[in-house]
Amino acid sequence: MRKNRFRIILIIAAIALTLYYLYPTYQSGAYNKKLEQLSGTPKLLVYLKAHPMTSMPDSLRQEYLDSLEQVFSADSLRYYDAHAKEINSVKLKRIKLGLDLQGGMHIVLQVNVVKMLEDMAKNKDQTFDDIMKQVSSEVKNNNADPLTALEQACASRNIRLSRYYGDIRDDNSQVMSYLTEQTKTAVDRAMEIVRNRVDQYGVSEPSIQKQGSTRFIVELPGVSNEAEVRELLQGTALLEFKLLQPENVVVKVFQAIDNVMAGQPDSLASNDTTSSSDSTMTAAQFAKKHPFFSLVRVNSQTGDAYVAGTDKDQFERIIERPDVKRVIPSNFQFLFSARPQVTAQGQHYYGLYVVNKTPLLTGSVVTNAQAQIDPTSNSPVVNMTMNSEGSREWAQITGANIGKRVAIELDNAVYSAPVVRTKISGGSSQISGMANMDEANLLAIVLRAGALPAPVDIVEERNVGPSLGADSIRNGITSGVIGIALIILFMGFYYRTGGVLADFALLINIFFILGVLAAFHGTLTMPGIAGMILTIAVAVDANVLIYERIREEMATGKTLRASIDQGYSKAFTAIFDANIISLFTGAILYQFGTGPVQGFALTLMIGIVASLFSAIVITRVIFDIMIERGATSINFG
Amino acid sequence: MRFFPRTNIDFIGKRHIWYMVSSSLILIGLITIAIRGLNYGIGFVGGEELTLQFTPALGIGEVRSAMNKIGQGDSQIKTFGSANQLLIRVKASQSKASTSQEIIGQLKSSFPNTRITLMQDDRIGPEIGQELRRDAVIAIFYSLIAILIYVSLRFQFIYAVGAVIALFHDVLITLGAVAIFGWFVPWLNLQIDQTMVAAFLTLVGYSMNDTVVIFDRIRENLKIYKGENLIRVMNRSINDTLSRTIITSGTAFAVLLVLLIFGGEVTRGFAFAMLVGVVTGTYSSIYVASSIVVDYNVYLKKADLKLGEKQSPVLEIERPYEAAAKRA
């Protein structure tokens, strides 16, 4: 027992960790089930059975059904609102399903560098058009780097790059480094625009990742409307400057909304004024008395308002309520900050900005924006310049609104809301107050988004409908269950007691693979399921190798304990060498594959390590315990 | 229970016959590929492919004639999985916009009484295809290099060469099988895509697994029976591990067969390639990898491996308990 103590602790720890990592996946499933039960669809079906709408014309039917569904969904929404934090936190920790299983769109976008070079050039002439033609054919046919192609095309015509780009006095290398920098920021800018819009679009768990130097991948689970998504990703970015509504007016409107909400018939009880004062109220009492202020937190010193990330949906629904709408002035617009502030507890809070609907100015007048360190205050600032037409308007606007705040809004999200200090004439403004250089860089990127739209092409688009995903899951489960059952029956039948132990190790192994997948925030894909089934088939190999050895050793007349010792130690080198190589191929596959294939490679690698652990360590410990308990023979078939 | 009680099969002695069999199989595959070409998935060549479900089912002819009206009549159309699902591969178009919306719109107006559901729609630019193809080749190349180095370190260089030649053998035969079955059994929908490449890398890993187990036993037996005839030791080692070889390959084969039958369209190509790979991987460990090590010793190192007149081709080891039984 003593020599196995370490191994037993290891096994128990592994099982405990697996349980810990798998629990959120289980919980998330339970929440989904509950929401599904409460959702409108099943109730709607029951209702429709009792009230068939035979007389309704088809044109009205869909609209009527939608409104009915909304009515029936009230319970599910209420449940969601009450448990939003828990639901979202387990969602982040569960095993995610790949797009091929849950349906959705996978899109690869590429910044069109050739187009960007064309847009950026000045003094365009016939020669330039010829150069661009040559560059674009080089890029298309020979996969050349656009910048290098441009440099060569110019060199072959004895033209300096500065004729079209940068300052006329710059030499070629200076222009090239400027263009390289511009290309890099163009990708960042395009990603920022897309990220912002995807966030606004309200997809749950989108993913946006850079791939190589000019591409990025956007994954939108559960989305299938191609036309809408294309518009979302490729439409021109809209950058606007909007004036913030005065604080005192905003607070009054908030109070009005709060009163409307608190005055609802279902919360009449909270209207009696005899209850204790605000400071001694519990959170629940406060929420009942001030439903709006429990959602929107107003900082009494700065007047800034915040809404928790999990409450954003609820907020959007409240301001759409007809009774609430009545107390909101028509020129009010509610916008959220693009990035949340994260509290020490890891909660996300978005700034709530109330702006004037009519923009002061659109971002197309911005010619450049750069993040810099201000030498006098040694803090990050963004310097923004405008064209002459914009400068004139900007001077007027800033002159009239000194002391007020202007929100910088890109596609409906606010990136910054600086206070106007003085009248700015000459078109060159400085924005300060950023916490760090990253924040300043982001703001500069956003300001330039209006200046030069980054032309992006969709180079890859994969759209999986939800029904195919459901089919795949069903097929995966069916073949997994049949395959595992076959192996379990065979092993038990062929190796008897030893086989049953191997089966036990196999089941724990499946459990481990899922646990590790959850711990790594891995994604389960259909090839991943295939990989898991295959791993299970090959996982028994380690036990087969060991048992065949034990049988051989027993045949030479050795004792049970000696046979088991020898079987394990002699089989080990073969098992080790064979699996190391499988790990190599798995790692290489992970490196070169994309999407679902990476999921496959990941499950394969996890499976190899997990199966070695369960086949070698777990079965061995059980055999040792059996022998210690006095077993003199174990049936290996 | 034992499927294979102590066997004494002369595997290595028959190697020349099996060299012929292997070469002919590879040749048939290569000829098929030369004639028919390989059916690449759109991931590797670019283009657009959509899968639609029709309730009730429509015939391919009906769909084709409807698509003719928008100039897409020459698209490749075939059933995908069940009879009411059709896979339509549109010829790669120059225009940036997707043609799927246009096709679905046309089909919906041509067949107003049919419910059409989009199952899947993939559109891949040609530049991506080129890169994926390059990456796939690099991935397979790197894994072969990694195997060559590892096996050389753990065994001997010639063993690594034998193992890698065996892998080439497996990949070529499987590729040939994919081409032949893709030709004669169209409903398998076999095409070279990313999942298929994953299958090839996995079968490389699997085949290697099998080879290493046999090499490991050869290494061990060569240490025990120093100076023994290599062919006799090899035959002994292969016979010793035969039971394990058959059981592991058998379970893998059974599970892959289940996956092929019940796994659905998405993993069918994968399961098929792996199924072929498990068979050739098992076979090549014995008849290619081990045989090449023997022939290297015979032809290049001029080792005298001729068996004595009364010598059995398989090294016989008398087990102590058998000796005891004989004495009794």
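Helix H17 (residues 466-519) of chain A contains 54 residues, yet its end C-alpha atoms are only 26 Å apart, short of the 80 Å that a straight helix would reach at 1.5 Å a residue. Here the expected span is 1.5 Å times one less than the number of residues, and helices (H or I, at least four residues) and strands (E, at least two) are DSSP runs numbered from the N terminus. You are looking at a predicted model, in which local features need pLDDT of at least 70 and side-chain atom pairs count only at pLDDT 80 or more, while totals for chains, interfaces and linings use all residues. Residues are numbered from 1 along each chain as its sequence is written, and chains are lettered from A and ligands numbered from 1 in the order in which they are written.

- Where does H17(A) bend? The bend is at A:Arg496 and amounts to about 145°, taken as the angle between axes fitted to the seven residues ending there and the seven starting there.
- Just after H17(A) comes A:His521, with a positive phi of about 55°.
- A:Gly202 follows H9(A) and has a positive phi, near 80°.

**Chain A as a whole**

- Chain A holds 20 helices and 18 strands.
- Its C-alpha atoms fill a box of roughly 100 × 85 × 65 Å along the principal axes.
- The radius of gyration of chain A is 32 Å, whereas a compact globule of 637 residues would have one near 26 Å. That radius is taken over C-alpha atoms, and the globule rule is 2.2 Å times the number of residues to the power 0.38.
- Of the 637 residues in chain A, 38% are buried. A residue is buried if 20 or more other C-beta atoms lie within 10 Å of its own, exposed if 12 or fewer, and partly exposed in between, with C-beta atoms placed from the backbone.
- Among the contacts in chain A with a separation of 6 or more, 73% join residues 24 or more positions apart. Two residues are in contact if their C-beta atoms, placed from the backbone, lie within 7 Å.

**Domains of both chains**

- Chain A is assigned domain 1 (23-94), domain 2 (107-235), domain 3 (239-451) and domain 4 (467-628). These bounds come from an automatic or database domain assignment.
- The C-alpha centres of domain 2 and domain 3 of chain A are 33 Å apart.
- Nine residues of domain 2 of chain A are in contact with ten residues of domain 3 of chain A.
- On the domain 2 side of that meeting in chain A, one residue is nonpolar, three are polar and five are charged. Ala, Val, Leu, Ile, Met, Phe, Trp, Tyr, Cys and Pro count as nonpolar, Asp, Glu, Lys and Arg as charged, and the others, Gly among them, as polar.
- Chain B has domain 1 (12-40 + 128-300) and domain 2 (47-123), and the centres of these two domains of chain B are 39 Å apart over C-alpha atoms.

**Where the chains meet**

- In the meeting of the two chains, 59 residues of chain B are in contact with 60 residues of chain A.
- Which helix of chain B gives the most to the side that touches chain A? That helix is H7(B), with 13 residues.
- The side of chain B that touches chain A is made of 30 nonpolar, 19 polar and ten charged residues.

- A:Asp411 sits in the loop between strand E14 (406-410) and strand E15 (413-416) of chain A. Its phi is positive, near 45°, in a residue other than glycine, and A:Asp411 counts as buried because 22 C-beta neighbours lie inside 10 Å.
- B:Asn189 lies in the loop between H6 and H7 of chain B and has a positive phi of about 50° although it is not a glycine. With 18 other C-beta atoms within 10 Å, B:Asn189 is partly exposed.
- B:Pro56 is in the loop between strand E1 (47-55) and helix H3 (60-68) of chain B, and the peptide bond leading from B:Thr55 to B:Pro56 is cis, with omega near -5°.
- B:Ile158 belongs to helix H6 (residues 157-184) of chain B and touches B:Val293 and B:Tyr296, leaving aside residues up to four places away in sequence.
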